Amino acid sequence: MVGRHWKWIVLAAWLAIVGLAPGKHGANRTGRPFTGDYAGELLFATLLKFGLATGEYRADPSDTLRLNGVIILNSVKCLPPQNKPEPSEIRNCRNYLEAGLAALPTVRVFLGLGQIGHVAACRAMGLPPSATRFGHRAEHVTPDGRILLSSYHCSRYNQNTGRLTAAMFESVFERALELRRPR
């Protein structure tokens with residue numbers, strides 16, 4: 001059943017979130033991206049607010065949370081030391097991200113979380129990072145017409161320092177919803 005559910009998520013996804021890496025207390029421990037990690041609190045609250053998830057998030061993969069039109073991928077597949085991946089780790093994992101993105105034919109909008117997520121998504125999508133500068137709410141069009149949005153990462157550090165507020169994060173999802181359908 002899990003396999004069928006996963007295939008349905010992939011086929012129904014129009015938004016792909018590209019995160020950093022599995023967190024020590026999040027996906028590395030629970031097996032579900034952002035689950036059990038402080039960043040997941042803001043991410044899943046925002047997804048629920050905009051109807052991009054249903055159910056209840058309890059930081060446990062057996063909760064009732066289900067994504068709706070969204071898939072979450074990571075730039076790096078393993079837990080990096082001090083949560084800061086080395087450039088070689090990002091390079092070594094790029095083929096997994098590229099394969100994940102290639103398997104998402106219905107995705108129209110990509111959201112890179114943090115500079116690492118943004119640059120990894122650029123490279124995986126064939127966009128030169130030097131021509132697609134990272135910034136909160138930055139927006140770039142890929143050669144095939146899909147959109148790459150960027151946001152500061154929803155990490156505890158960014159939230160505690162005020163670099164990213166809930167309102168700022170929500171504004172990125174508002175824009176993603178506007179871009180969902182081509183004009």
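## Basis of the model

Residues are numbered from 1 along each chain as its sequence is written, and side-chain values use heavy atoms, with hydrogens and water left out. Because the model is predicted, local features need pLDDT of at least 70 and side-chain atom pairs count only at pLDDT 80 or more, while totals for chains, interfaces and linings use all residues.

## Helix 7

Helix 7 covers residues 166-179; helices (H or I, at least four residues) and strands (E, at least two) are DSSP runs, numbered from the N terminus. From first C-alpha to last, its 14 residues reach 20 Å, close to the 20 Å expected at 1.5 Å a residue; the expected span is 1.5 Å times one less than the number of residues.

The buried residues of helix 7 include Phe-169, Val-172, Phe-173 and Ala-176. Buried means under 20% relative accessible area, exposed over 50%, and partly exposed in between (1.4 Å probe, protein chains only). Among the elements covering them are strand 1 (15-19) and helix 3 (38-49).

## Nonpolar cores

A nonpolar core is a set of buried Ala, Val, Leu, Ile, Met, Phe, Trp, Tyr and Cys residues joined through side-chain atoms within 4.5 Å. The largest has 28 residues, and Leu-43, Cys-154 and Phe-173 are among those with the most contacts inside it. Strand 1, helix 3 and helix 7 are among the elements that each supply at least two residues of this core.

Leu-43 touches residues including Ile-17, Phe-169 and Phe-173, not counting residues up to four places away in sequence; contact means heavy atoms within 4.5 Å.

## Cysteines

The structure holds 0 disulfides (pairs of cysteine sulfur atoms within 2.5 Å). Cys-122 is buried, with a relative accessible area of 0%, and Cys-154 is buried at 0% relative accessibility.
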